[in-house]
Amino acid sequence: MTVRAAFTRADDPAEYIAIEGAAGPWSPDTCHGGAPAALLVQVAEGIAAPAPMSVARVTMDLLRRVPLGRLRVESRVVREGKKIQLLALELRANGVEVARATVLRMRREPERVPDPVSSLTTPFPGPDAGRVTTGATGGFAGLFTMRAVRGGFEHQGPGSVWFRMDASLVAGMATSPAARAVAAADFANGVASVLPFEQWLFPSTDLTAALLRRPEGDWVLVDAESWLGAEGRSLGQVRLGDERGWFGTATQTSLVEARHQEGRQG
């Protein structure tokens with residue numbers, strides 16, 4: 001039976017197996033950047049904290065391509081406290097570090113501040129008003145329902161797309177809201193592409209997401225714009241929302257190469 005997920009668990013609790021559902025658009029045997037980003041957040045949220053906390057910031061660097069197959073996550077607490085906790089995580093394939101992340105968690109004390117939701121509502125219609133759009137027919141993108149309310153994968157320029165993850169990140173495990181948000185944010189370079197996919201490669205090399213609060217509901221809105229530079233890279237700027245309103249931002253750097261240069265990637 002085919003498992004509809006990005007990862008399965010290995011016998012070792014620190015190891016995961018990236019399967020077809022983790023694959024990205026650039027190579028069938030390489031993970032989409034959102035898959036390892038979400039996995040590292042998911043693992044971070046399973047680490048004990050001294051007080052109720054939620055993810056406030058995630059910074060992930062893709063050091064090498066992340067292959068499908070067995071991956072190991074190593075984690076440590078850099079700073080422990082009742083107000084903040086800083087975690088460092090490394091993702092390894094065959095003993096080689098392929099990605100790393102720092103995850104900042106902060107205490108949750110919602111009773112101490114007024115509810116600011118009225119000033120953070122999004123100007124976009126909800127997912128029910130969007131049109132079906134897709135960045136790929138399978139792999140990691142195939143785990144999501146995507147509905148565009150502005151632009152989208154078929155268009156170049158700024159775009160706003162609702163994402164709903166319809167499968168587990170890790171088979172047999174519930175996916176955390178923060179992990180789903182980070183996974184969706186990594187699609188920014190496709191949501192707001194500035195060059196045609198058929199002629200250009202623009203794989204992401206990093207992702208930084210800052211969250212004001214825990215996302216709510218099944219849908220994540222990715223409102224993205226990309227800037228193309230003169231030195232072979234692009235920068236994506238993202239606002240993240242749900243049906244309650246805006247809850248975070250993200251930035252993403254991507255390499256930009258013509259497809260005939262694909263064999264020269266490091």
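How many aromatic pairs does a search of the whole structure find? In this predicted model, the search returns eleven aromatic pairs. One of them joins phenylalanine 124 to tryptophan 246 in an edge-to-face arrangement, with 6.4 Å from centre to centre and 85° between the planes. Phenylalanine 124 belongs to the loop between β6 (96-107) and β7 (131-132), whereas tryptophan 246 belongs to strand β15 (residues 246-255), so the pair ties together parts that lie 122 residues apart in sequence. Both partners are shielded from solvent by the criterion applied: phenylalanine 124 is buried at a relative accessible area of 18%, and tryptophan 246 is buried at 10%. Elsewhere, Phe140, Phe144, Phe153, Phe163 and Phe187 make up one aromatic cluster. A ring also meets a charge at phenylalanine 197, where the charged end of arginine 259 sits over the ring at 4.6 Å from its centre.

The largest nonpolar core contains 63 residues, of which Phe7, Phe140 and Phe163 touch the most other members. Helix α1 gives the most to this core, contributing eight residues. A separate core of five residues lies apart from it and includes Phe124, Trp162, Trp219 and Leu221. Phenylalanine 140, a member of the aromatic cluster, has contacts beyond four places in sequence that include Ala6, Glu20, His32, Met165, Leu169 and Phe187.

Alanine 44 is located in helix α1 (residues 34-45) and is buried, its relative accessible area being 0%. When residues up to four places away in sequence are set aside, alanine 44 touches Leu87, Leu89, Val103 and Arg105. Its C-alpha atom is separated by 23 Å from that of threonine 30, a residue 14 positions away along the chain.

Among the strands, β4 (residues 69-79) pairs with β2 (residues 15-18) in the antiparallel sense over four bridges. Within this pairing, leucine 71 of β4 is the bridge partner of tyrosine 16. Strand β4 is also joined to β5 (residues 84-93) by seven bridges, and these two strands run antiparallel. Here the bridge partner of valine 77 is leucine 87 in β5. Four residues lie between β4 and β5, which form a hairpin. Leucine 87 is also one of the residues touched by alanine 44.

The count of salt bridges comes to 16. Arginine 72 pairs with glutamate 74, the closest N and O atoms being 3.8 Å apart. Arginine 72 is partly exposed, with a relative accessible area of 29%, and glutamate 74 is likewise partly exposed, at 35%. In the salt bridge between arginine 164 and aspartate 166, the closest N and O atoms are 2.7 Å apart. Arginine 164 is partly exposed at 26% relative accessible area, and aspartate 166 is partly exposed at 30%.

A further salt bridge connects aspartate 223 with arginine 239, with 3.2 Å between the closest N and O atoms. This pair links distant parts of the chain, 16 residues apart, aspartate 223 lying in strand β13 (residues 219-228) and arginine 239 in strand β14 (residues 233-241). Aspartate 223 counts as buried because its relative accessibility is 8%, whereas arginine 239, at 37%, counts as partly exposed. Salt bridges with shared partners also join Asp12, Glu15, Arg70, Arg72, Glu74, Glu90 and Arg92 into one network.

Notes:
Residues are numbered from 1 along each chain as its sequence is written. This is a predicted model: local features need pLDDT of at least 70, side-chain atom pairs count only at pLDDT 80 or more; totals for chains, interfaces and linings use all residues. Side-chain values use heavy atoms; hydrogens and water are left out. Two strands pair if DSSP finds at least two bridges between them. Buried means under 20% relative accessible area, exposed over 50%, partly exposed in between (1.4 Å probe, protein chains only). Contact means heavy atoms within 4.5 Å. Rings of Phe, Tyr and Trp (its six-membered ring) pair if their centres lie within 6.5 Å; planes under 30 degrees apart count as stacked, over 60 as edge-to-face and the rest as tilted. A charge sits over a ring if NZ of Lys or CZ of Arg is within 6 Å of the ring centre and within 35 degrees of the ring normal. A nonpolar core is a set of buried Ala, Val, Leu, Ile, Met, Phe, Trp, Tyr and Cys residues joined through side-chain atoms within 4.5 Å. A salt bridge is a side-chain nitrogen of Lys or Arg within 4 Å of a carboxyl oxygen of Asp or Glu.
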